[in-house]
Amino acid sequence: MLKDITLGQFFPGNSAVHRLDPRTKILMVLVYVALVFLVHNFWGYGLLVIFLAGSILLSRISPRFVMKGLKPVFIFVLITGVFNLFFTGGNVLWQWGFLKVTEEGLYFAAFMVLRLVFLILGTSLLTLTTSPIALTDGIERLLSPFKRIGFPAHELAMMMTIALRFIPTLMEETDKIIKAQSARGADFESGNLLRRAKAMIPILIPLFISAFRRADELATAMECRCYRGGEGRTRLRELRMHRIDLWGWLVVVALGAGVIVLNLGFGSAPGL
């Protein structure tokens, strides 16, 4: 399951989505996330499905590979849906003891699950189609206007990108530790919740040690390359907007307008 985490991974390619400027993709994802929470009916989510499916097809990344990112959070999504289903007040459709299913609960649970799924797939597509260097440059350029008030744009962008880049690395390290401990007779499957929690200690301690070691090695490598922050640094590839970025923004504007029209035309689902 650890290998199924797609957030932070980069899938090289030359598709239309890959060629978009990183600033365009970051802003598009922010608008997309806002629209996910603005949608109040299933027609709006249908429009988001078309947009997301089209983006995945244009990226030329296997839809199965993108959907694989949902496996690690499946239990969390399921628990969220169940809690909203049984503990949302409203018009009761079915009840057994303290458990009850309401019309509002059905809609609210469905919308919460859809929102989580769309958020995970959309953000995963950003990292899958944008290299860590391009992502760092894009975030820094977007935050650069705040440098006038002393905001450390470059340092923040660097930290965010390193954190994303280390997610698949640490997952791979965790998988190696689990296999090594299992080969030594460790049991992570049987027992109650407390016993399973105690069994995680032999995994967490080596993982923390490995994370600190990698951080120290990265700091040493950056220092050896005379890294001193963002002041005076130049870039091998300067970011420039192209015609394809204009098309991307036109699609996002059309998507936003479509969501607003559908919200006004069909109203909100019960409980929203």
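1. A quick reminder before the details: this is a predicted model. Glu 217 is partly exposed at 46% relative accessibility, and Arg 213 is partly exposed at 40%.

2. Glu 172 and Lys 176 pair in a salt bridge at 3.8 Å, N to O, and about one helical turn separates them. Glu 172 is partly exposed, at 48%, and Lys 176 is partly exposed at 48%. Lys 179 also bridges to Asp 175, at 3.4 Å; here Asp 175 is buried, with a relative accessible area of 17%. The total count is 5 salt bridges.

3. Do look at the largest nonpolar core, which has 24 residues; Tyr 32, Tyr 45, Leu 52 and Phe 118 are among those with the most contacts inside it. Helices α2, α3, α6 (103-129) and α11 each give at least two residues to this core, and α6 supplies the largest share, 7 residues. Another core, of 8 residues, lies apart from it and includes Val 29 and Leu 135.

4. Finally, helix α11 (residues 243-266) spans 35 Å over its 24 residues, close to the expected 34 Å. Its buried residues include Asp 245, Val 252, Leu 255 and Asn 263. Among the elements covering the buried residues of α11 are α2 (22-38) and α3 (42-59).

Terms used. Residues are numbered from 1 along each chain as its sequence is written. This is a predicted model: local features need pLDDT of at least 70, side-chain atom pairs count only at pLDDT 80 or more; totals for chains, interfaces and linings use all residues. Side-chain values use heavy atoms; hydrogens and water are left out. Helices (H or I, at least four residues) and strands (E, at least two) are DSSP runs, numbered from the N terminus. The expected span of a helix is 1.5 Å times one less than its number of residues. Buried means under 20% relative accessible area, exposed over 50%, partly exposed in between (1.4 Å probe, protein chains only). Contact means heavy atoms within 4.5 Å. A nonpolar core is a set of buried Ala, Val, Leu, Ile, Met, Phe, Trp, Tyr and Cys residues joined through side-chain atoms within 4.5 Å. A salt bridge is a side-chain nitrogen of Lys or Arg within 4 Å of a carboxyl oxygen of Asp or Glu.
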